[in-house]
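Have a look at the sequence and the 3D model below. Then let us walk through a few of its contacts together.

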Amino acid sequence: MEKTLRIVVDAMGGDNFPQAPVEGAVQAVKASEGFEVILAGKEEILTEELKKYGYTGERIRIRDCREVIEMAEPPVHAIQTKKDSSIVAGLSMLRKGEADAFVSAGSTGAVIAGAQVIVGRIKGIRRSPLATLIPTEKGVSLLIDCGANVDARPEQLIQFAQMGSIYMENVLHIKEPSVGIVNIGAEDEKGNALVKETIPLLRERKDIRFVGSVEARDIPAGGTDVIVTEAFTGNVILKMYEGTASMFKRMLSTTLKSSVRGMIGGALVKPLIKKALSAYDASEHGGAPLLGLKGLVVKTHGNSKAAEIRNSILQCRTFYEENVNGKIEQAISGGEA
C-alpha cells in the first residue's frame with residue numbers, strides 16, 4: 001500500500017492565522033490526493049475555523065498546542081522555552097517520524113533555529129540554506145540562500161549550488177540546471193573575497209554546471225536556473241523583487257484610473273494584464289524549503305494567504321515523491337562535497 005504523506009502546518013504562525021493555514025489546508029486536500037494535513041495549534045480555535053469551510057473529512061486533523069511563538073521573540077530562547085508551541089511541536093513530530101514535512105508562515109528565525117536544533121542537518125551538510133523560486137522572463141529561477149545564513153564560506157556556497165541543482169532537476173525537472181553566482185560584474189576578478197574565492201571552486205566541480213557570475217540586473221531575464229549567494233545578499237534581492245512588483249502593480253492601477261481613456265483601455269486589456277502579473281505572484285510557487293535537513297521544512301511568507309499555504313503543501317508532496325533529501329544525502333556523503 002502506498003504511504004500517505006503527513007504534512008504538519010503551523011496553524012498559529014504568520015499574519016493571517018488561523019484563517020490562511022486552515023483554508024490553505026482545506027484547499028490542498030480538495031486539490032490533490034495522497035497526503036494528510038496536521039494542523040498544529042490551539043484545538044478550539046482550529047476546530048471553529050474548520051467549520052467555516054464545511055470540511056468534515058478525515059485528511060485534516062489537529063495537533064493541540066497551547067503556546068504560540070510571536071514574530072518579535074528571540075528565536076533561540078523561544079524554541080528553548082515554548083516546547084508546546086506549534087513550531088516546536090511540528091518540528092518535533094518531523095524529527096520523531098510522526099510527520100514527513102512541516103510548513104510554517106511563522107517567525108523565520110524560530111523556524112530556522114528550531115529546524116537546525118530539533119530536526120538536524122544531513123551528515124556532511126555544513127549549512128542549511130533557504131531556497132525560493134523567483135519569477136523570470138523564462139519561467140523561474142531558484143535563489144539560494146535567501147534568508148538562513150547571512151555569513152557563509154566558499155565550501156558552503158558550493159553545497160548550496162549542489163543542493164539547488166538537485167532541487168531544480170528533480171522538482172522542476174530541468175536537466176543539468178545552470179548555476180550562477182551573484183556578483184557585481186561578469187568578470188571573475190570582480191566581487192568580494194567570498195565570491196572571488198568561490199568562483200574557481202565552482203568551475204572545478206563536475207556535478208555543477210557553473211556558467212559564471214550573474215549581476216542583479218540580469219536575474220529577472222532568467223539567465224541561470226540556480227542563483228547562488230549568501231543570505232544577506234539573497235534576502236535583499238528577494239525583498240527588492242517583491243517591492244518592485246508591488247510598486248509596478250500600484251503604478252499601473254493608478255495610471256489606468258487617471259483618465260477615461262485609461263479606464264476604457266484598462267478594461268479591454270485587463271485579462272492580459274492579469275495573466276502577465278500572475279507570473280509574479282509568489283503564492284503560485286509555494287514556500288522556501290530549508291534544504292539539507294533530515295526532514296522537509298518549508299518556510300512561507302509571514303503574510304501568506306491561503307493560496308500560498310495550499311501550494312506549499314502541494315510542493316511538499318512533490319519534494320517527497322522525488323526523494324530530494326535522499327538525493328542530497330547521496331551526493332554529499334558520496335564524496336562530492
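This report covers a pair of helices and then some salt bridges. Keep in mind as you read that the model is predicted.

Start with helix α4 (residues 86-96) and helix α5 (residues 108-119), whose axes come within 10 Å and cross at roughly 30 degrees. The crossing of α4 past α5 is right-handed. On the α4 side, the residues that meet α5 are Ile-87, Val-88, Leu-91, Ser-92, Leu-94 and Arg-95. Their partners in α5 are Ala-110, Val-111, Gly-114, Ala-115, Ile-118 and Val-119. Sorted by class, this contact has nine nonpolar, two polar and one charged residues.

Now for the charged side chains. How many salt bridges does a search of the whole structure find? The search finds 15, and here are some of them:

| Salt bridge | N to O distance |
|---|---|
| Glu-73 and Lys-82 | 2.7 Å |
| Arg-217 and Glu-215 | 3.6 Å |
| Arg-317 and Glu-321 | 3.8 Å |

Are these residues buried or exposed? Lys-82 counts as buried because its relative accessibility, 19%, is under 20%. In the pair of Arg-217 and Glu-215, Arg-217 is exposed at 66% relative accessibility, whereas Glu-215 is buried at 19%.

Arg-317 and Glu-321 both belong to helix α10 (residues 306-321), where they sit four residues apart, about one turn of the helix. Arg-317 is partly exposed, with 23% relative accessibility, while Glu-321 is exposed, with 52%.

Finally, salt bridges can also join into a network, as they do for Glu-44, Asp-64 and Arg-66.

Terms used
Residues numbered from 1 in each chain as written. Predicted model: local features only at pLDDT ≥ 70, side-chain atom pairs only at ≥ 80, totals over all residues. Heavy atoms only, no water. Axes fitted to C-alpha atoms, helices over the stretch in contact; angles between N-to-C directions. Helix = DSSP H or I, 4+ residues; strand = E, 2+ residues; numbered from the N terminus. Left-handed = near helix turned anticlockwise from the far one by under 90°. Contact = heavy atoms within 4.5 Å. Nonpolar A, V, L, I, M, F, W, Y, C, P; charged D, E, K, R; others polar. Salt bridge = Lys/Arg side-chain N within 4 Å of Asp/Glu carboxyl O. Buried < 20%, exposed > 50% of the residue type's maximum accessible area, 1.4 Å probe, protein only.
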